[in-house]
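Here is a short briefing for a reader new to this structure. Start with the picture, then take the points by topic.

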Amino acid sequence: MPSPTTPSIPTRRRRVPFQPLPVRDGLNATRVVLPANGDGTDGAPRWETVLDHLIHRFPDDEARLREKVAAGEVVDHLGRAIAAATPYEQHARVFLYRDPPVETRVPFEIEILYRDDDLLVVDKPHFLASIPRGAFIAESALVRLRRDLGLPELSPAHRLDRVTAGVLVLTVRPEVRGPYQTLFAERRVTKVYEAVAGVDPSLDLPRVVRSRIHKERGVMRAFEVPGEPNSESLVELVDTRDSEAGRPGGQIGLYRLTPHTGKTHQLRLHMNSLGLPILHDNFYPTFYDVRPDDFSRPLQLVSRSIEFVDPLSGEPRRFETTRPLQEWA
């Protein structure tokens, strides 16, 4: 197991912004914070009304924005309708429903592993985003489950990358969201992953991998950089078998990965740093593009199990998926 002497890394709890509009068709309203107003010179835009700024920010949606404002569907932080003439106020918060993009359906279903009044635990398939983000809105586990199960207040207690499959824990009621999200934020959860990658007979395993991971907003890949480690993973080789893909050494291995921290792409980076990139990883060691509708080569990484002491009942909880990895099945 990871070393108990590793210095703890502080975590910050995010305060969930108040939403004056309810979830609609599985989707939260979009929150827009109005930036500082310019003076109209040197290219600094100046807006006289809230609607002016919204059209500037979402130019392709101008017609629909005007319709939504006219219908009273754009509101301020108190739920008051924004009119076409509502004056611009910098740093104010505005809420509205964005029209979701047309998306290709991810052709895999979500399996429910456990459900009660507080928790919903599912087996998320590869290629399905955990939450609405970027080009993946309706095709996310959260929106699908909200719609299919009629649970508008459903919220994830943690996240999985879109290309990673496996156990995902969600809370059913807002009243219990905080304790479960805090459980994950404070790393009081044991997560075990499995991955398929090449084999290096000269590599001494098991071993704990520590590094400093840096991820910039808007940049798809994360990077290991010099400095004090902020990530830690235990890497164990469970089994090996001959490879049919002609990989070096002629073998592939099944690995058990136990992260002690939860940095973006942590397990993928740590396996790559060992010279064992996870099969079908299009980010590491080098990026290559994959079409959004290409579901033929899923990343060979699965969140196999999650275990914790329930913060409400004090009882031990353990959830596990039997989902096979394509290259090992």
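Which residues of the largest nonpolar core touch the most other members? They are Leu154, Tyr255, Leu257, Met271 and Leu301, in a core of 34 residues. This is a predicted model: local features need pLDDT of at least 70, side-chain atom pairs count only at pLDDT 80 or more, and totals for chains, interfaces and linings use all residues. Residues are numbered from 1 along each chain as its sequence is written, and side-chain values use heavy atoms, with hydrogens and water left out.

**Cores**
- A nonpolar core is a set of buried Ala, Val, Leu, Ile, Met, Phe, Trp, Tyr and Cys residues joined through side-chain atoms within 4.5 Å.
- Buried means under 20% relative accessible area, exposed over 50%, and partly exposed in between (1.4 Å probe, protein chains only).
- The largest core has 34 residues. At least two residues of this core come from each of strand S5 (119-124), helix H3 (141-149), strand S7 (165-171), strand S8 (190-198), strand S12 (251-259) and helix H5 (266-273).
- A second, separate core has 15 residues, among them Val32, Leu34, Val69 and Tyr88.
- Leucine 257 is in contact (heavy atoms within 4.5 Å) with residues including Lys191, Tyr193, Leu234, Met271 and Leu301, leaving aside neighbours within four places in sequence.

**Helix H1**
- Helix H1 spans residues 50-57, and its buried residues are Val50, Leu51, His53, Leu54 and Ile55.
- Those buried residues pack against strand S1 (30-33), helix H2 (62-70) and strand S3 (93-96).

**Histidine 158**
- Histidine 158 sits in the loop between strand S6 (155-156) and S7.
- Histidine 158 is buried, at a relative accessible area of 9%.
- A polar atom of the histidine 158 side chain lies 2.9 Å from the backbone nitrogen of valine 169.
- Histidine 158 also touches Val167, Leu168, Phe184, Lys191 and Ile306, among others, not counting residues up to four places away in sequence.

**Whole chain**
- The protein chain has five helices and 14 strands. These are DSSP runs, numbered from the N terminus: helices are H or I with at least four residues, strands E with at least two.
- Of the 329 residues in the protein chain, 43% are buried.
- The C-alpha atoms fill a box of roughly 70 × 50 × 40 Å, taken along the principal axes.
- Among contacts in the protein chain with a separation of 6 or more, 63% join residues 24 or more positions apart.

Definitions and conventions:
Polar contact = N/O pair within 3.5 Å; in protein donor to acceptor, adjacent residues only side chain to side chain.
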